[in-house]
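Open the model in your viewer and keep the sequence panel beside it. This tour goes from the whole chain to single side chains.

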Amino acid sequence: MLVNMSVFAVRLKDARLRAGISQERLGIEAGLDEMSASTRMNRYELGKRVPNPALVERFADILGVPACYFYAVADIEAELLIQFNQLNHENKLQVLNILKKEMLF
């Protein structure tokens with residue numbers, strides 16, 4: 001579980017590093033001005049600024065994670081969100097059905 005630092009900041013950095021993309025490149029691809037993209041991204045990752053929801057959605061699309069990943073406090077939930085997001089629709093339905101059956105016991 002994350003402590004002392006913004007959950008969003010930690011998750012953003014983690015997702016960016018997993019994707020192997022620089023702060024500047026992520027910012028530019030998300031539509032930030034080229035001159036300030038690196039600085040703004042650095043501030044987001046340090047938890048000094050919080051992006052608006054539309055920008056968070058763009059980050060998620062670029063990094064291949066669901067937007068809710070950035071707000072998952074528990075590491076295990078964050079990892080589940082990433083893994084679930086990578087499944088195709090049919091497999092997502094299978095996982096949901098398994099979970100529903102498990103909850104009945």
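Helices (H or I, at least four residues) and strands (E, at least two) are DSSP runs, numbered from the N terminus. By that rule, Glu45 lies in helix H3, residues 37–46.

Before going on, two notes. This is a predicted model, in which local features need pLDDT of at least 70 and side-chain atom pairs count only at pLDDT 80 or more, while totals for chains, interfaces and linings use all residues. Residues are numbered from 1 along each chain as its sequence is written, and side-chain values use heavy atoms, with hydrogens and water left out.

**Stop 1: the whole chain**

Show the cartoon. The protein has six helices and zero strands. From the N terminus on, the order is α-α-α-α-α-α. Along the principal axes, the C-alpha atoms fill a box of roughly 55 × 30 × 20 Å.

Switch to a surface. Its accessible area is about 6900 Å², and 56% of that belongs to carbon and sulfur atoms. Such areas come from the Shrake-Rupley method with a 1.4 Å probe; for residues, only the protein chains shown count as cover. Of the 105 residues, 30% are buried. Buried means under 20% relative accessible area, exposed over 50%, and partly exposed in between (1.4 Å probe, protein chains only).

Now consider contacts, meaning heavy atoms within 4.5 Å. Among those between residues at least 6 apart in sequence, 49% join residues at least 24 apart.

**Stop 2**

Select Glu45. Is this side chain buried or exposed? Glu45 counts as buried, at 4% relative accessibility.

Next, select Gln23 in helix H2, residues 23–29. Gln23 is buried at 17% relative accessible area. Its side chain makes a polar contact of 2.8 Å with the side chain of Glu45.

Display the surroundings of both. Not counting residues up to four places away in sequence, Gln23 touches Arg16, Ala37, Ser38, Met41, Asn42 and Glu45. With its neighbours within four places left aside, Glu45 is in contact with Met5, Ala9, Leu12, Lys13, Arg16 and Gln23.

**Stop 3: the aromatic cluster**

Select Phe8, Tyr69, Phe70 and Tyr71, which form one aromatic cluster. The whole structure holds four aromatic pairs. Look at Tyr69 and Phe70: their ring centres are 5.8 Å apart and their planes stand at 65°, so the pair is edge-to-face. Rings of Phe, Tyr and Trp (its six-membered ring) pair if their centres lie within 6.5 Å; planes under 30 degrees apart count as stacked, over 60 as edge-to-face and the rest as tilted.

**Stop 4: Phe8**

Centre on Phe8, in helix H1, residues 7–19. Phe8 is buried too, at 6% relative accessible area. Which residues does Phe8 contact, leaving aside its neighbours within four places in sequence? They are Tyr44, Pro51, Val56, Phe59, Phe70 and Tyr71.

Finish with a distance line from Phe8 to Asn85. The two are 77 residues apart along the chain, and their C-alpha atoms are separated by 18 Å.

Technical notes:
Polar contact = N/O pair within 3.5 Å; in protein donor to acceptor, adjacent residues only side chain to side chain.
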